2 protein chains.
Amino acid sequence: MRTLFNAEMADLAQDLIAMARHVETAITKTADAILTGDLELAQSVIADDAKLDELEDIVDERCVLLIAQQQPVGLDLRTIISSLRISASLERMGDLAEHIAKDARRAYPNSAIPDSHRQIIEDMCAAAKEAAGEVVKLLENRDLNVAAAIVEDDDRLDDLHEAAYQGLVAEGYAGTPQETLDVALLARYFERFGDHAVGISRRIVYLVTGDHSGDRAKI
Amino acid sequence: MRTLFNAEMADLAQDLIAMARHVETAITKTADAILTGDLELAQSVIADDAKLDELEDIVDERCVLLIAQQQPVGLDLRTIISSLRISASLERMGDLAEHIAKDARRAYPNSAIPDSHRQIIEDMCAAAKEAAGEVVKLLENRDLNVAAAIVEDDDRLDDLHEAAYQGLVAEGYAGTPQETLDVALLARYFERFGDHAVGISRRIVYLVTGDHSGDRAKI
């Protein structure tokens, strides 16, 4: 019975890693789509999001069955409950990648990014891609250094988000309302993406160390 | 043992209702704050959000203990898992109310709402307040008519969100970038508020009817 339980817990961990890899692919593609105005890439991100929704359902159902059939307690139970939360965050990160892809599609054949904000959005893309890769690594190896790197990426995303908004209201900014709207939303999507990555990392830190102090996650 | 379990399930239900009432108060106050530019009201929404975070922690801990100590199965287990998800949504609705209050505070002594969008934001405030009141009712009485009303409010919020964005990119719109940014974010916060209300209502519908078809909630 215990061996079966361990095998099922390992499957659950693998499902979360599969979701995280899916998110990493989505944000990588969506970043390229928004930066280069690649319509086909944007479409594929939008089409692939359904797969992530399915994976979330599979994880959630596995968690409920594991609890019902195995009646876990202690760390096992907390791991399962955390897995439910992590799957919800990963699903949401996929939605945010999809929102960005939809912006790229709406703007096509133009770019959704005005020149005034190209560097900031490029930097946000880089930070979000890094954070997504680190979430995969963290779920794979539970290395707390990786958790710390995710927090740093989120800090960068927060700073860039603030810089993007400051740029919009700075004297001399002359973007159109459509450009202002695009930048406002893109910056917000990336900033939320970072929040979810930090939320995941805090849950893993708690499972590894028992330290709940960072757990008032912004997700 | 069963009586104790039932009492604890009833406490859990009451905790969620308390959270939902808190959200209703927050969105009511924040709507008044953003529409009238009332700084004191905005401050109180910002200050009160910590209480909602505490309530979420209490609900989450209660759910974990209930599962560990009572080892529920079937509908009881699904109710507890849903309660975890509902508490996360309510906490997030509180965050959105707080974001709106912060916009009111930032703009003070001016209004964060340009005249071009006052009617739309007023309508969004009304729909969000209605949705929040209905979430309280739904958690109290699990009336499926109330669930349907929440979906209607969310549809209204989606339409208003779209109208707000269309207004920003319409010919003749002459708002400043700050106004464009404020409207973009406010409309997005209200739209997400509606999404979370629908997510909660879908979970309750599932618990009452077993119908999972509406459960691909946008939260």
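Is B:Asp11 buried, partly exposed or exposed, and what is its relative accessibility? B:Asp11 counts as partly exposed, at 36% relative accessibility. I will come back to that residue. Please keep in mind that what you see above is a predicted model.

Let me begin with the two chains. Chain A can be laid on chain B by a rotation of 180 degrees with 0.0 Å of shift along the axis, and the RMSD is then 0.0 Å. That is the relation of a two-fold axis. If you want to find the axis in the picture, look for A:Gln71, whose C-alpha is 2.9 Å from the axis and comes closest to it among the residues of chain A.

Next, the interface. The size of an interface is often given as the accessible area lost when the parts come together. Here chain A and chain B bury about 3,300 Å² between them, and 57% of that is on carbon and sulfur atoms. On each side the contact takes in 35 residues. The interface residues of chain A are, to 100%, also interface residues in chain B, so the copies meet through the same surface.

What holds charges across this interface? Between chain A and chain B there are four salt bridges. One of them pairs A:Asp60 with B:Arg85, with 3.2 Å between the closest N and O atoms. Polar contacts across the interface number seven residue pairs. On the side of chain A that touches chain B, the elements giving two or more residues are helices H2, H3, H5 and H6. H3(A) gives the largest share, 10 residues. Sorted by class, that side has 18 nonpolar, five polar and 12 charged residues.

Now A:Asp60 in more detail. The residue is found in helix H2 of chain A. Its relative accessible area is 14%, and since buried means under 20%, A:Asp60 is buried. Besides B:Arg85, A:Asp60 touches A:Leu84 and A:Ser87, leaving aside residues up to four places away in sequence. With A:Ser87 there is a side-chain polar contact of 3.0 Å.

For contrast, take a loop residue. A:Asp38 lies in the loop between helix H1 and H2 of chain A, and is partly exposed at 30% relative accessible area. A:Asp143 is 105 residues away along the chain, and the two C-alpha atoms are separated by 35 Å.

Last, salt bridges within a chain. Side chains of opposite charge can pair when their charged atoms come close. Over all chains the count is 28. In chain A, A:Glu130 and A:Arg156 form one, at 3.6 Å between the closest N and O atoms. A:Glu130 is in helix H4 and A:Arg156 in helix H5, so the pair ties together parts 26 residues apart in sequence. Both partners are partly exposed, A:Glu130 at 38% and A:Arg156 at 35%.

That brings me back to the opening residue. B:Asp11 forms a salt bridge with B:Arg62, with the closest N and O atoms 3.7 Å apart. B:Arg62 is in helix H2 of chain B and B:Asp11 in helix H1, and the pair links parts of the chain that are 51 residues apart. B:Arg62 is partly exposed as well, with a relative accessible area of 25%.

Key. Residues are numbered from 1 along each chain as its sequence is written. Chains are lettered from A and ligands numbered from 1 in the order in which they are written. This is a predicted model: local features need pLDDT of at least 70, side-chain atom pairs count only at pLDDT 80 or more; totals for chains, interfaces and linings use all residues. Side-chain values use heavy atoms; hydrogens and water are left out. Copies are superposed by least squares on the C-alpha atoms of residues with pLDDT of at least 70 in both. Contact means heavy atoms within 4.5 Å. Buried area is the accessible area (1.4 Å probe) that two parts lose on being put together, summed over both. A salt bridge is a side-chain nitrogen of Lys or Arg within 4 Å of a carboxyl oxygen of Asp or Glu. A polar contact is a pair of N or O atoms within 3.5 Å; within protein, one must be able to donate a hydrogen and the other to accept it, and residues adjacent in sequence count only if both atoms are side-chain atoms. Helices (H or I, at least four residues) and strands (E, at least two) are DSSP runs, numbered from the N terminus. Ala, Val, Leu, Ile, Met, Phe, Trp, Tyr, Cys and Pro count as nonpolar, Asp, Glu, Lys and Arg as charged, and the others, Gly among them, as polar. Buried means under 20% relative accessible area, exposed over 50%, partly exposed in between (1.4 Å probe, protein chains only).
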